[in-house]
Amino acid sequence: MKVESLEGWGLGLKKPLIIAGPCSAETEEQLLETSQRIKNEGIEIIRAGIWKPRTRPNNFEGIGEEALRWIQHVKKQTGLKFAVEVATPKHVYEALKHNIDMLWVGARSTTNPFTVQEIAEALRGTDVPVMVKNPINPDLALWLGAIERISNVGISKIGAIHRGFSSFKQTKYRNMPMWQIPLELKRQLGNIPLICDPSHICGTRDFIFEVSQNAMDLDYDGLIIETHRDPENAWSDAAQQITPEVLGAMLKNIKFRQPTSKDKDFITILGELREQIDHVDRELFEIIAQRMEIVEKMGLYKKKNDVTVFQKDRWQQLSETRTKWATDLGLNPEFMWDLFKLIHDASIKRQEYIMNTPIETLDERNK
Ligand code: PEP
Ligand code: MN
């Protein structure tokens, strides 16, 4: 799959790409004032929702086409560039007709391959940059699939926006970040520009800085942050928007670190530490292999004695001891328990295989 770096998008962009602007375009004055104040903070790309996908009906659903004309006026007055969300082929045609510089596919659309394919067909023959938000649910394949559909019609200026994943668990986030999913996407897609949307991850203004810094420390290529002239009175997503000035101050405080350093000492010391990690990981794997061998012996023994693979009391005992060990060792007990459950799950599967395989076949294998 051909993906351009940000520099290849032809808009004079470079890392870190910062996009700011209101959740929704509300009035021409709101759009102009917000954009001008964002420009004063040194930002050149404005986002604005024109067609708003709302979870429940009877909420503000966006201004629609009229707002595209406002954008054209604001572009003329300020020289800024604009990105909008498209969710149907008609949105694509309208946006391109009004000289919108960048498009993005929203989280709800990414969830639906039919919708993405229709949007992709509308994009065929153009070379507008398109950013694809992650689907609402934590499904990497769906996100990859949407990006592939856009790529397959010849778009190579493609970015991925990480806006977090919906979860039934109550957490401090509106959408859980699950950082490993976007990082895996980036690994698989050969460095597709990855942009973090801390606004939709947080759902409130309070820790937008923290999430943005985290993204930068993970070597993301940019941020898209909802910014409004009067956040409290925004017509959508009021709790998570910030003013242009707060955004400007926040960006000054973010540490933009380099993914590597040319310093000789740094390279030597990092190399040594990596060697240590390689050793420790190798030992960790050997220990797991040893554990699996014991698990197999236990499986055979249970089978010969007609005992079930799983025993409730033993499980209870494991849970108590393992979390205590984690705490004693200064490890996060929840993380260690999650990790242990994966190992335990694999062990159960191994023993189930033993239960369901004739003993002669197993003995043959063990010779
Ligand atoms: C938005 O960017 O305003 C939006 C609707 O986001 P998402 O698609 O991530 O929910
Ligand atoms: Mn929003």
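Is Val-105 buried or exposed? At 1% relative accessibility, Val-105 is buried, and that is where this set of close-ups of a predicted model begins.

**Figure 1. Val-105, a residue of strand 4.** Look for Val-105 in strand 4, which covers residues 102–105. Why does Val-105 count as buried? Its relative accessibility is 1%, and buried means under 20%. Skipping the neighbours within four places in sequence, Val-105 is in contact with Val-86, Thr-110, Ile-119, Val-130, Met-131, Val-132, Lys-133 and Ile-150. Met-336 is another story: it sits 231 residues from Val-105 along the chain, and 37 Å separate the two C-alpha atoms.

**Figure 2. Ligand 1 and the residues around it.** Here you can pick out the surroundings of ligand 1, including Cys-23, Arg-47, Lys-52, Trp-104, Lys-133 and His-200. Sorted by class, the shell holds seven charged, three nonpolar and two polar residues. Now zoom in on some oxygen atoms of the ligand. A polar side-chain atom of Arg-163 is 2.6 Å from an oxygen of ligand 1. Glu-226 uses its side chain, with an N or O atom 3.2 Å from an oxygen of ligand 1. On its own ligand 1 would expose 290 Å², and the protein buries 97% of that.

**Figure 3. The manganese ion, ligand 2, and its protein donors.** Which residues supply the donors? They are Cys-23 through SG, His-200 through NE2, Glu-226 through OE and Asp-237 through OD, at 2.1 to 2.5 Å from the ion. Written as a spacing pattern, the donor residues read C-x176-H-x25-E-x10-D. Cys-23 is in the loop between strand 1 (17–21) and helix 1 (28–40), while Asp-237 is in the loop between strand 8 (222–226) and helix 10 (244–253), so this pair ties together parts 214 residues apart in sequence.

Figure 4. Gln-241 belongs to the loop between strand 8 and helix 10. With 0% relative accessibility, Gln-241 counts as buried. Setting aside residues up to four places away in sequence, Gln-241 touches several others, among them Gly-21, Pro-22, Arg-205, Glu-226, Thr-227 and Ser-236.

**Figure 5. Glu-94, a buried residue in a helix.** Glu-94 is part of helix 3, residues 89–97. Its relative accessibility is 10%, so Glu-94 counts as buried. Beyond its neighbours within four places in sequence, Glu-94 is in contact with Trp-51, Glu-65 and Leu-68.

Figure 6. Most peptide bonds are trans, and most residues other than glycine have a negative phi. Yet the bond joining Lys-15 and Pro-16 is cis, with omega about -5°; Pro-16 is in the segment before strand 1. Asp-219 is not a glycine, but its phi is positive, about 65°. You'll find Asp-219 in the loop between helix 9 (208–217) and strand 8, partly exposed at 30% relative accessibility. Asp-306 also has a positive phi, near 55°. Asp-306 lies in the loop between helix 11 (264–304) and helix 12 (312–328), and counts as exposed at 74% relative accessibility.

Conventions:
Residues are numbered from 1 along each chain as its sequence is written. Chains are lettered from A and ligands numbered from 1 in the order in which they are written. This is a predicted model: local features need pLDDT of at least 70, side-chain atom pairs count only at pLDDT 80 or more; totals for chains, interfaces and linings use all residues. Side-chain values use heavy atoms; hydrogens and water are left out. Helices (H or I, at least four residues) and strands (E, at least two) are DSSP runs, numbered from the N terminus. Buried means under 20% relative accessible area, exposed over 50%, partly exposed in between (1.4 Å probe, protein chains only). Contact means heavy atoms within 4.5 Å. A residue is near a molecule or strand if one of its heavy atoms lies within 4 Å of it. A polar contact is a pair of N or O atoms within 3.5 Å; within protein, one must be able to donate a hydrogen and the other to accept it, and residues adjacent in sequence count only if both atoms are side-chain atoms. Accessible areas come from the Shrake-Rupley method with a 1.4 Å probe; for residues, only the protein chains shown count as cover. Ala, Val, Leu, Ile, Met, Phe, Trp, Tyr, Cys and Pro count as nonpolar, Asp, Glu, Lys and Arg as charged, and the others, Gly among them, as polar. Donors are N, O and S atoms within 2.8 Å of the metal (3.2 Å for Na, K and Ca); water is not among the atoms, so sites may look incomplete.
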